[in-house]
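Subject: Structure handover

Hello,

Here is the structure I promised to pass on. Please open it next to this email and follow along residue by residue.

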Amino acid sequence: MLRIWGRLSSINVQKVVWCALELGCEFERIDAAGEFGLVDTPEYGRLNPNRKVPVIEDDGFVLWESNAIVRYLCAKHAGKGLMPQALATRADCDRWMDWQGIEFSPALRDAFWQLIRTPAPQRQMALIEQSIRRSEAMVAILDEALAGKDYLVGASFTMADIPAGCTVHRWLGLPIDRIRRPNVDKWYERIMNRPAAQKVLTLPLK
Ligand SMILES: N[C@@H](CCC(=O)N[C@@H](CS)C(=O)NCC(=O)O)C(=O)O
């Protein structure tokens, strides 16, 4: 059976659990990292030398890096259609997944950490403001890409919607003023109505 290591408050674990639920995979999830610790044990270090979550074990195959895991699961369950088979369409999915990890998530990181995980007296306003500015620029890119479209790639939900969806969920959960992004709002509502998303993304940010 598929085993997923990681606490559900982690955005990177959320991607993997959301994906596994979409695909109808049977899995067990073991809380690790954050308040659950475990990642510093020698056993965990053998699973993931980065000592981060998520990690999956799938019939003896061990994989870390959340977006690689999402791709692996979608390829393994290709019949579910979350990984498009046409080369250009699949590359389009890859583009949005890489963009989430390399551009969008780092832009949002300081605002999230400062506003959600740092006590108010210790918050650094300059970091927060810079991160909000950078994130707005990312969400503007997403809003333009979603004009006239129901999903990020093609006409149906794909693996591309999962990492971006988790990051937008964080963005919209921050206690800040944001520029209205009508296309992102409609897409977010659409993907959040999916039963799998409801099981993963309804917890308060922490
Ligand atoms: N690039 C990695 C990043 C993994 C990562 O940074 N995980 C964080 C949680 S989101 C972690 O394990 N932090 C250590 C901790 O929470 O104790 C991925 O996408 O899987």
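Start at the ligand. A polar side-chain atom of Arg7 sits 2.6 Å from one of the ligand's oxygen atoms. Keep in mind that this is a predicted model.

Ser66 places a polar side-chain atom 2.6 Å from a ligand oxygen. Val53 uses its backbone instead: a polar backbone atom there is 2.8 Å from an oxygen atom of the ligand. On its own, the ligand would expose 510 Å², and the protein buries 70% of that.

Now look at the surroundings. The residues around the ligand are Arg7, Ser10, Asn12, Ala33, Gly34, Lys52, Val53, Pro54, Glu65 and Ser66. The ligand takes up the space of the largest pocket.

Most residues other than glycine have a negative phi, and most peptide bonds are trans.

Which way is the peptide bond from Val53 to Pro54 set, cis or trans? The bond is cis, with omega near 5°. Pro54 belongs to the loop between α2 and β3, and β3 covers 55–58. Both Val53 and Pro54 are among the residues surrounding the ligand.

Ala33 is another ligand neighbour. Ala33 is not a glycine, yet its phi is positive, at about 75°. You will find Ala33 in the loop between β2 and α2. Is Ala33 buried or exposed? Its relative accessibility is 8%, so Ala33 counts as buried.

Asp59 also has a positive phi, near 50°, and is a residue other than glycine. Look for Asp59 in the loop between β3 and β4, where β4 is 61–64. With a relative accessibility of 64%, Asp59 counts as exposed.

Salt bridges

How many salt bridges does a search of the whole structure find? The search gives 12. Here are some to find yourself.

Begin with Glu28 and Arg3. They form a salt bridge, and their closest N and O atoms are 2.6 Å apart. Why does this pair tie together separate parts of the chain? Glu28 lies in strand β2 (residues 27–30) and Arg3 lies in strand β1 (residues 2–5), so the bridge joins parts that are 25 residues apart in sequence. Glu28 is partly exposed, at 32% relative accessibility. Arg3 is partly exposed as well, at 29%. The pair also belongs to a network: salt bridges link Arg3, Glu28 and Glu57.

Next, go to Arg29 and Asp31. Their side chains meet in a salt bridge, with 2.6 Å from N to O. Arg29 has a relative accessible area of 30%, which makes it partly exposed. Asp31 is partly exposed too, at 32% relative accessibility.

Then try Lys206 and Glu35. Their side chains meet in a salt bridge of 2.9 Å, N to O. Lys206 is in the segment after α8 (195–200), and Glu35 is in the loop between β2 and α2 (42–47), so this pair ties together parts that are 171 residues apart in sequence. Lys206 is partly exposed, at 49% relative accessibility. Glu35 counts as exposed, at 55%.

A polar contact in a helix

Move on to Glu136. Glu136 is in helix α5, which runs over residues 125–145. Glu136 has a relative accessibility of 10%, so it counts as buried. Its side chain is joined to the side chain of Arg181 by a polar contact of 2.7 Å.

Last, go back to Glu28 in strand β2. Pick its C-alpha atom, then the C-alpha atom of Ala155. How many Å separate the C-alpha atoms of Glu28 and Ala155? The separation is 31 Å, and these residues are 127 apart along the chain.

Start with Arg7 and Ser66, which each have a polar side-chain atom 2.6 Å from a ligand oxygen. Finish with the network of Arg3, Glu28 and Glu57.

Best wishes

Conventions: Residues numbered from 1 in each chain as written. Predicted model: local features only at pLDDT ≥ 70, side-chain atom pairs only at ≥ 80, totals over all residues. Heavy atoms only, no water. Salt bridge = Lys/Arg side-chain N within 4 Å of Asp/Glu carboxyl O. Helix = DSSP H or I, 4+ residues; strand = E, 2+ residues; numbered from the N terminus. Buried < 20%, exposed > 50% of the residue type's maximum accessible area, 1.4 Å probe, protein only. Near = heavy atom within 4 Å. Polar contact = N/O pair within 3.5 Å; in protein donor to acceptor, adjacent residues only side chain to side chain. Areas by Shrake-Rupley, 256 points an atom, 1.4 Å probe, with all protein chains shown as cover. 1 Å grid on protein atoms, 1.4 Å probe; cavity = no way out; pocket = protein on both sides within 12 Å on 5 of 7 lines; lining within 4 Å. Sits in = over half its atoms within 2 Å of the grid points.
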